[in-house]
Amino acid sequence: MIYPIVKYGDPVLEKQAEPVTVFDDELKKLVEDMFESMYAAHGVGLAAPQIGISKHLAVIDVTFKEDPEAKLVLANPQILHVEGKQRGSEGCLSIPEFREEVTRGKKVTVRAQDVNGKWYEKTGEDLLARAFLHETDHLNGKLYISHISALKRDLIKRKIRKLVKAGEW
Ligand code: NI
């Protein structure tokens with residue numbers, strides 16, 4: 001099932017999500033649906049709050065279907081280590097049509113549970129490092145625009161308010 005993506009302005013995006021405690025068939029189905037919804041929206045990462053589900057759960061595939069091994073499920077992820085810096089363009093499915101330069105860590109180690117509840121650690125660089133940080137932020141109610149200047153952030157918010165008024169958001 002493909003879920004519609006929740007857009008900026010919905011409070012679910014800015015609240016702390018609940019931990020995942022049950023790893024059952026329902027969760028497996030949700031994870032499947034999240035991958036499907038992410039691909040349908042042409043994204044490389046999706047957090048559960050972005051489909052209106054306030055759970056500490058995200059999916060990532062920075063290869064966009066090219067490498068099945070690259071499909072990652074992150075339940076209850078914690079960032080363990082951040083090294084170096086990268087600056088690059090970043091967007092979010094919940095803030096469509098906007099992109100901004102964001103400075104992030106270059107090499108990031110995350111600890112998370114897979115779809116069966118098994119804990120694992122993974123280190124990613126470049127785009128994967130960025131995805132780990134971006135998606136983990138989502139689960140803590142934080143959006144990438146919190147990492148840009150107040151001036152740029154206000155400009156985006158103003159443009160979104162106009163789109164909302166026009167019924168285009
Ligand atoms: Ni996002």
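Let's start at the metal. The nickel ion is held by three donors: Cys92 through SG, His134 through NE2 and His138 through NE2, at 2.0 to 2.3 Å. Keep in mind that this is a predicted model.

How are the donors spaced along the chain? They follow the pattern C-x41-H-x3-H. Now look at where two of them sit. Cysteine 92 is in the loop between β4 and β5, residues 100–104, while histidine 134 is in helix α2. The pair therefore ties together parts that are 42 residues apart in sequence.

Here is a general point about helices. An α-helix has 3.6 residues a turn, so residues three or four places apart point the same way.

Are cysteine 92 and histidine 134 buried or exposed? Both are buried.

Next, helix α2 itself. Of its 13 residues, 12 are buried, so call this helix mostly covered. Among the buried ones are Leu128, Phe132 and Leu133, and also the charged-type names Arg130, Glu135 and Asp137. His134 and His138 are on that list too.

After α2 comes glycine 141, and its phi is positive, near 75°.

On to the empty space. Rolling a probe the size of a water molecule over the atoms shows where empty space is left. The largest pocket here has a volume of about 400 Å³. It has 22 lining residues, and the closest to its centre are Val44, Gly91, Cys92, Leu93 and Arg99.

The largest share, six residues, comes from α2. By type, the lining divides into nine nonpolar, eight polar and five charged residues.

Last stop, the core. In soluble globular proteins, nonpolar side chains tend to be buried together. The largest nonpolar core in this model has 16 residues. Val31, Met34, Phe35, Leu57 and Val59 touch the most other members. Two or more residues come from each of α1 (25–40), β2 (57–60) and β3 (72–83). Helix α1 gives the most, with seven residues.

To recap: α2 carries histidine 134, and α2 also gives the largest share of the pocket lining. The core draws most on α1. Thanks, everyone.

Definitions and conventions. Residues numbered from 1 in each chain as written. Predicted model: local features only at pLDDT ≥ 70, side-chain atom pairs only at ≥ 80, totals over all residues. Heavy atoms only, no water. 1 Å grid on protein atoms, 1.4 Å probe; cavity = no way out; pocket = protein on both sides within 12 Å on 5 of 7 lines; lining within 4 Å. Points joined across faces, edges and corners; volume = space filled by probe spheres on them. Helix = DSSP H or I, 4+ residues; strand = E, 2+ residues; numbered from the N terminus. Donors = N, O, S within 2.8 Å, 3.2 Å for Na, K, Ca; no water. Buried < 20%, exposed > 50% of the residue type's maximum accessible area, 1.4 Å probe, protein only. Core = buried A, V, L, I, M, F, W, Y, C linked by side-chain atoms within 4.5 Å.
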